[in-house]
Amino acid sequence: MVFWIFGYGSLVWNPGFEYDEKVIGFIKDYRRVFDLACIDHRGTPESPARTCTLENVEGAICWGAAYCVRGSPERERLAMEYLERRECEYDKKTLVDFYKEGEPAQPALTGVIVFTSTPDKVSNKYYLGPAPLVEMARQIATAHGPCGNNRDYLFLLEKAMFAIGHEDDMVIELAKEVRKVLGITGNGIPTEKKITGTSPKALKSHMPVLQLRPLQEAVAMDS
């Protein structure tokens, strides 16, 4: 038994479940947006956080990490139960093709699970929709919940994308605006040039494709 899950938000740096392989790569025709409400991890019902979801955009790419769980139906069940609790604001599980670094023509994996959300405020109560950058920044700068501040979620994602060699222009721009709201200068990330991860130009990289790690114990949930 085996399944793969694609992470593009906090799963990139904090998967929180036992896995056997982690592969850096991307999916096509999706981009990362901060249009989803989080009311139980980084926000509350009264002051929801803004967290990542995916927007379907032809020609776009979204970099992240794919995790493999294999071995037995029980391990698969435990991982999926954990993910469904953690990603409870997402109302869909979509199957996508996953592409590895330097191999954009042929998918390395098919049928990879990714949590997504219906972009409709009527049918999906957690969908916030887009907003002006300054408005989103103010919301992210002030929202907090049981797992911490909304702004930390954004800053950790910024660092995680830098770490895998594929910064996201939207994440950088939004993080910069949040720092303006908070009166913070700098971002704690080295200034060397990294390839951004929001256009097909970012397909070439010198980062390693496959990263293996031993099984780990689950850590605190996040979204």
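How many of the eight residues of strand E5 (residues 109–116) are buried?

A: Six of the eight residues of strand E5 are buried, so that the strand is mostly covered; buried means under 20% relative accessible area, exposed over 50% and partly exposed in between, with a 1.4 Å probe and protein chains only. The model is predicted: local features need pLDDT of at least 70, side-chain atom pairs count only at pLDDT 80 or more, and totals for chains, interfaces and linings use all residues. Residues are numbered from 1 along each chain as its sequence is written, and side-chain values use heavy atoms, with hydrogens and water left out.

Helices (H or I, at least four residues) and strands (E, at least two) are DSSP runs, numbered from the N terminus. E5 pairs with strand E4 (residues 92–100) in the antiparallel sense, over six bridges; two strands pair if DSSP finds at least two bridges between them. Within this pairing, Val114 of E5 is the bridge partner of Thr94. In a regular strand the side chains alternate between the two faces of the sheet.

Burial continues in the nonpolar core, a set of buried Ala, Val, Leu, Ile, Met, Phe, Trp, Tyr and Cys residues joined through side-chain atoms within 4.5 Å. The largest such core has 54 residues, of which Phe17, Phe34 and Leu154 touch the most other members. Strand E3 (49–70) supplies the largest share of this core, ten residues. Phe34 has contacts, meaning heavy atoms within 4.5 Å, that include Arg50, Cys52, Met136, Tyr153, Leu154 and Leu174, its neighbours within four places in sequence being left aside. In soluble globular proteins, nonpolar side chains tend to be buried together.

Leu154 and Tyr153 are among the buried residues of helix H3, as are Phe155, Leu157, Met161 and Phe162. H3 (residues 150–163) has 14 residues and reaches 20 Å from its first C-alpha to its last, close to the 20 Å expected at 1.5 Å a residue; the expected span is 1.5 Å times one less than the number of residues. The buried residues of H3 pack against several elements, including strand E2 (21–38), strand E3, helix H2 (133–142) and helix H4 (169–182). Met161 of H3 has 1% relative accessibility and therefore counts as buried. Its C-alpha lies 7.7 Å from that of Gly64, although Met161 and Gly64 are 97 residues apart in sequence. Beyond its neighbours within four places in sequence, Met161 is in contact with Arg32, Trp63, His166, Glu167 and Asp168. After H3 comes Gly165, whose phi is positive, near 85°.

A positive phi, near 65°, is also found in Asp29, a residue other than glycine. Asp29 belongs to strand E2 and, at 32% relative accessibility, counts as partly exposed. Most residues other than glycine have a negative phi, and most peptide bonds are trans.

The charged pairs come next. The structure holds twelve salt bridges, each a side-chain nitrogen of Lys or Arg within 4 Å of a carboxyl oxygen of Asp or Glu. One of them joins Asp35 and Arg50, at 3.8 Å from N to O. This pair links distant parts of the chain, with Asp35 in E2 and Arg50 in E3, 15 residues apart. Asp35 is buried because its relative accessibility is 6%, and Arg50 is likewise buried at 3%. Glu74 forms a salt bridge with Arg77, with 2.5 Å between the closest N and O atoms. Because they are three residues apart in helix H1 (residues 73–86), Glu74 and Arg77 are separated by about one helical turn. Glu74 is partly exposed, with a relative accessible area of 41%, and Arg77 is partly exposed as well, at 37%. Another salt bridge, at 3.3 Å from N to O, joins Glu87 and Arg86; Glu87 is buried at 7% and Arg86 at 0%. Salt bridges that share partners also join Glu18, Asp20 and Arg75 into one network.

The cysteines remain. With a disulfide taken as a pair of cysteine sulfur atoms within 2.5 Å, the count comes to zero. Cys52 is in no disulfide, the nearest cysteine sulfur, that of Cys62, being 7.9 Å away. Cys52 counts as buried, at 0% relative accessibility. Cys88 is also in no disulfide, its nearest cysteine sulfur being that of Cys38 at 7.4 Å. Cys88 counts as partly exposed because its relative accessibility is 35%.
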